[in-house]
Amino acid sequence: MQLITVDHEITKPVEGKKVFDEDNCEIMHIKLKAGEEIKEHDSPKHVFIFVKKGEVEFTLNNKGYTINQETILRMEPYERHALKALSDVAILVMKC
């Protein structure tokens, strides 16, 4: 067992921390201030987005999706996406 501490306080521009990377599975903890964006990109793996704090808009195939603590976003490998923080946001990104 391992306890991993993550802080959801947003104190600086786009901040990311890898919290797990093993056997083709990776988990990142990413924090963004309201209005910050991550440009369009993709991943060769399935991607799952879990919002821990705030709201974020993901753009996939020119359509926007607002994600918050009540939703999980799953993307297929190589699905191009971008995101914008609608408020201060903390998310967990799992790639596997």
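Here are the stops, starting with some ground rules.

This is a predicted model, so local features need pLDDT of at least 70 and side-chain atom pairs count only at pLDDT 80 or more, while totals for chains, interfaces and linings use all residues. Residues are numbered from 1 along each chain as its sequence is written, and side-chain values use heavy atoms, with hydrogens and water left out.

**Stop 1: the core.** Select I49, V56, F58 and I91. Of the 17 residues in the largest nonpolar core, these four touch the most other members. A nonpolar core here is a set of buried Ala, Val, Leu, Ile, Met, Phe, Trp, Tyr and Cys residues joined through side-chain atoms within 4.5 Å. Buried means under 20% relative accessible area, exposed means over 50%, and partly exposed is in between (1.4 Å probe, protein chains only). The elements giving two or more residues to this core are β2 (25-32), β4 (47-53), β5, β7, β8 and β9 (89-95). Those labels are DSSP runs numbered from the N terminus: strands are E, at least two residues, and helices are H or I, at least four.

Now stay on I49. Which residues is I49 in contact with, leaving aside its neighbours within four places in sequence? They are F58, T71, I72, L73, M75, I91, L92 and V93, where contact means heavy atoms within 4.5 Å.

**Stop 2: the cysteines.** Pick C25 and C96. A disulfide is counted when a pair of cysteine sulfur atoms lies within 2.5 Å, and by this rule there are 0 disulfides. For C25, the nearest cysteine sulfur is that of C96, 4.9 Å away. C25 is buried, at 17% relative accessible area, whereas C96 is partly exposed at 33%.

**Stop 3: a serine in a loop.** Go to S43, in the loop between β3 (37-41) and β4. Is S43 buried or exposed? Buried, at 4% relative accessibility. The S43 side chain reaches the backbone nitrogen of K45 at 3.1 Å. Leaving aside neighbours within four places in sequence, S43 is in contact with P77, Y78 and K95.

**Stop 4: two positive phi values.** Y78 is not a glycine, yet its phi is positive, near 65 degrees. Y78 counts as exposed, at 53% relative accessibility.

Finish at N62, in the loop between β5 (56-60) and β6 (63-67). N62 also has a positive phi, about 65 degrees, although it is not a glycine. N62 is exposed, with a relative accessible area of 79%.

Technical notes
A polar contact is a pair of N or O atoms within 3.5 Å; within protein, one must be able to donate a hydrogen and the other to accept it, and residues adjacent in sequence count only if both atoms are side-chain atoms.
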